[in-house]
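Q: I would like to learn how to read the packing of helices and aromatic rings in a protein model. Could you take me through it step by step?

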Amino acid sequence: MKAGGGGNHFRPDVFFRIFTGMKQRIILALGGGGARGFAHIGVLKALEQAGIRPTHIAGTSMGAFVGSIYAKTGSAASTEKAFQELFNWPGFRENAFISTFGKQDESLWSNLKSAVRSLTMKGNFFTKPFYYNGDGFEDLIRFFFPADDRFEDLKLPFAAFTTDLISGSSIAVTSGQVVPAVVASASITGMMPPVRYRNLLLVDGEVTDLIPARSLCHHGMNLILAVDVSKDPGILAKPPATGLEVIMRKDDLLQSNYKSVLTSEADLTIRPAVQDADWTDYAQFDQLIRAGYQETWRQLDAIRAALRQKTSVNRRISALLRPDSHDWIHPEETTLLRWE
């Protein structure tokens, strides 16, 4: 070919710069589990201490709650401090959600109030699409986002996973308003009111993505670390006594069995020893964080090995050749949503 005659020339120097300059994504898939989700903070702490910083955060339910704050602050220490400030907030114990579900003192007055709430909620269970009206829950999330923060304002890319009851689809909110997205992700199915948005009826993301690893792109250099803080159903001490208890046991077993499918696309799954903690026991904050830290530190060699494998020559070439290598969420597995 004549000089100046056009055509594509292979430039080894340019290829080398692109090849060696490719950045790895470390994507955390933080699962739901109520108060057990505080273990996510310990996981993040251990990773940071080891010099491994997540680049993207996906969360379901409590995983979305913790993940959104981490995506805003950019550090585990700041996330832990933010929750400590919430616990010290005068309105925390008076918050309707916490006083209903949080572990409380055993005084006569407390027990009486709980009994009245229980009767009211049982009435809701058979007449409305929720058990508890959700009062106070959004206030807890808004405590961390008083300025109506948007996904675009966060320091890290973040996705809150929720489920549309109408279509049965997995929904990942990745842009727009943060607070309503987290509320939808953590709206416990049947327990709290579904969140209406446009033609969607959104509930807790655990229905389709208890641990949102399946919906993340694992190709190329993307490293996906799943964190499972769900409860192990174990063996019952006594048989279920009512139809409702049978249904709840059935749901626990279904959830346990489909966890392996959800985490099958993850490069590694971290399971902190928190299965015995109650989902409402916020008083175990420090212990739950410690459990997440200890389990992550125990798996550190495996995590580092996965990191090395993901940055191998073959992986770099794979990432270069894939046209969708810039994606981090599978559009085939979940619907992306902008919340306005």
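**Reading helix packing and aromatic pairs**

A: The axes of H3 and helix H8 (residues 178-185) come within 8 Å of each other and cross at roughly 155°. This is a predicted model, in which local features need pLDDT of at least 70 and side-chain atom pairs count only at pLDDT 80 or more, while totals for chains, interfaces and linings use all residues. Residues are numbered from 1 along each chain as its sequence is written, and side-chain values use heavy atoms, with hydrogens and water left out.

Q: How are the helices and their axes defined, and how is the angle between H3 and H8 classed?

A: Two packed helices are described by the angle between their axes and the distance between the axes. Helices (H or I, at least four residues) and strands (E, at least two) are DSSP runs numbered from the N terminus, and axes are lines fitted to C-alpha atoms, for helices over the stretch in contact, with angles from 0 to 180 degrees between N-to-C directions. Angles under 35 degrees count as roughly parallel, over 145 as roughly antiparallel, 65 to 115 as roughly perpendicular and the rest as oblique; H3 and H8 are therefore roughly antiparallel.

Q: Which residues make the contact between H3 and H8?

A: Contact means heavy atoms within 4.5 Å, and here Ala-64, Phe-65 and Ser-68 of H3 meet Val-178, Val-182 and Ser-185 of H8. By class, this contact of H3 with H8 has four nonpolar, two polar and no charged residues (Ala, Val, Leu, Ile, Met, Phe, Trp, Tyr, Cys and Pro count as nonpolar, Asp, Glu, Lys and Arg as charged, and the others, Gly among them, as polar).

Q: How many residues of H8 are buried?

A: Buried means under 20% relative accessible area, exposed over 50% and partly exposed in between, with a 1.4 Å probe and protein chains only. H8 is mostly covered, since eight of its eight residues are buried.

Q: Where do Tyr-293 and Trp-297 lie, and how are their rings arranged?

A: The ring centres of Tyr-293 and Trp-297 are 5.8 Å apart and the planes are at 5°, so this pair is stacked. Both residues lie in helix H11 (residues 285-298), four residues apart, about one turn of the helix. An α-helix has 3.6 residues a turn, so residues three or four places apart point the same way. Tyr-293 is partly exposed at 24% relative accessibility, and Trp-297 is partly exposed at 37%.

Q: What is the angle between helix H2 and H11?

A: Helix H2 (residues 39-49) and H11 pack at about 45°, with their axes 6 Å apart, so H2 is oblique to H11.

Conventions:
Rings of Phe, Tyr and Trp (its six-membered ring) pair if their centres lie within 6.5 Å; planes under 30 degrees apart count as stacked, over 60 as edge-to-face and the rest as tilted.
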